[in-house]
Amino acid sequence: MRIDTLSTFPDMFASVMGSSMMRIARDKGILDFHAHDLRDWTHDRHRTTDDEPYGGGHGLVMKCEPIFEAMDDLVAEGPRPHVVFLAPQGERFDDAMALRLAEQERLLFVCGHYEGIDERAYSLADSIISIGDYVLTSGELASMVVIDAVVRKLPGVLGAEQGATDESFNGGLLEYPQYTRPAEYRGMEVPAVLRSGDHGAVDRWRREQSLERTLRLRPDLLEEADLSASDVAFLKSLDIGADDAAGAV
């Protein structure tokens, strides 16, 4: 996959994209990443990317001209990218969306700043995404979240063969509890089933723990989860008194 970002602060991506799984993905040739400076498409000596809003108001608004001109050049570099804007009015980002974006050959993230982006620029978007109901300093931060979630879905990025498919939200459920050595620490023991060597029992325990955790903490997820008859029976057997949990199954 190729991923491009277009922003006024491209250096913000250096640390994240050069570390951990993002670096591994690039080293393996799975990810081709490019951070572009929006100022390269300005034409005044101050390299201006923002201006005062029409109608008055506080702050500055990102100009549409540099974004359109940058898009003209970047689209011409290779396969047409799926263009993503990060904005409060966007669709809420989730794991299913990360999977859909991971199927794209190329993504281009347009990162806002200041008070927002000239509305005309949004006509370039294939997707408008929000990562939550809160305000960040810049779209660079939000785009890093989305990029990380997408790239880890690409085949070969995670070391474990099932790494991406066993995580929280895959199949609509939270992930089961995880443990590692030592087997006992400060009176807290790793569940015996995980040390039993019985892989079938481990799989059952993990599934049940995932179901219980989801019912207890995020019962809303169960409405769309892929549940078997035995899953439903197990959930109904749990003594969890929250009204929301009871209604979820």
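Predicted model: local features only at pLDDT ≥ 70, side-chain atom pairs only at ≥ 80, totals over all residues.
Strand β1 spans residues 2–7. Six of its six residues are buried, so β1 is largely enclosed by the rest of the structure. Two strands pair with β1. Strand β2, residues 32–37, runs parallel to β1, and the pairing has six bridges. Strand β6, residues 106–110, also pairs with β1 in the parallel sense, here over five bridges. Ile-3 takes part in both pairings: Phe-33 stands opposite Ile-3 in β2, and Leu-107 stands opposite Ile-3 in β6.

Thr-5 counts as buried because its relative accessibility is 0%. Beyond residues up to four places away in sequence, Thr-5 touches Phe-13, Phe-33, His-34, Ala-35, His-36, Phe-109 and Ile-147.

Helix α7 covers residues 229–237, and within α7 Asp-231, Phe-234 and Leu-235 are buried. These three residues lie on the same side of α7, because they cover an arc of only 100 degrees around the axis. An α-helix has 3.6 residues a turn, so residues three or four places apart point the same way. The buried residues of α7 pack against α6, residues 199–217. The face turned away from this buried side carries exposed residues: Ala-229, Ser-230, Lys-236 and Ser-237.

Ala-98 and Ala-149 are 51 residues apart in sequence, yet their C-alpha atoms are 6.1 Å apart in space. With neighbours within four places in sequence left aside, the contacts of Ala-98 are Phe-93, Ala-149, Val-150 and Lys-153.

The second largest pocket has a volume of about 450 Å³. It is lined by 23 residues, and those closest to its centre are Leu-86, Ala-87, Pro-88, Leu-136 and Gly-139. Three elements, β5 (82–92), β7 (127–130) and α5 (139–151), each supply at least two lining residues. Strand β5 gives the largest share, with four residues. By class, the lining of this pocket holds 12 nonpolar, nine polar and two charged residues.

Backbone geometry was examined next. Most residues other than glycine have a negative phi, and most peptide bonds are trans. The peptide bond that joins Arg-181 and Pro-182 is cis, with omega of about 5 degrees. Pro-182 lies in the loop between α5 and β8, residues 184–185.

Ser-20 has a positive phi, near 50 degrees. This residue belongs to helix α2, residues 20–27. Its relative accessibility is 52%, so Ser-20 counts as exposed; the cut-off for this class is over 50%. Phi of Arg-47 is likewise positive and near 50 degrees. Arg-47 is found in the loop between β2 and β3, residues 50–51. At a relative accessible area of 34%, Arg-47 is partly exposed.

Definitions and conventions: Residues numbered from 1 in each chain as written. Heavy atoms only, no water. Buried < 20%, exposed > 50% of the residue type's maximum accessible area, 1.4 Å probe, protein only. Arc of directions from axis to C-beta. Contact = heavy atoms within 4.5 Å. 1 Å grid on protein atoms, 1.4 Å probe; cavity = no way out; pocket = protein on both sides within 12 Å on 5 of 7 lines; lining within 4 Å. Points joined across faces, edges and corners; volume = space filled by probe spheres on them. Nonpolar A, V, L, I, M, F, W, Y, C, P; charged D, E, K, R; others polar. Pairing = 2+ DSSP bridges.
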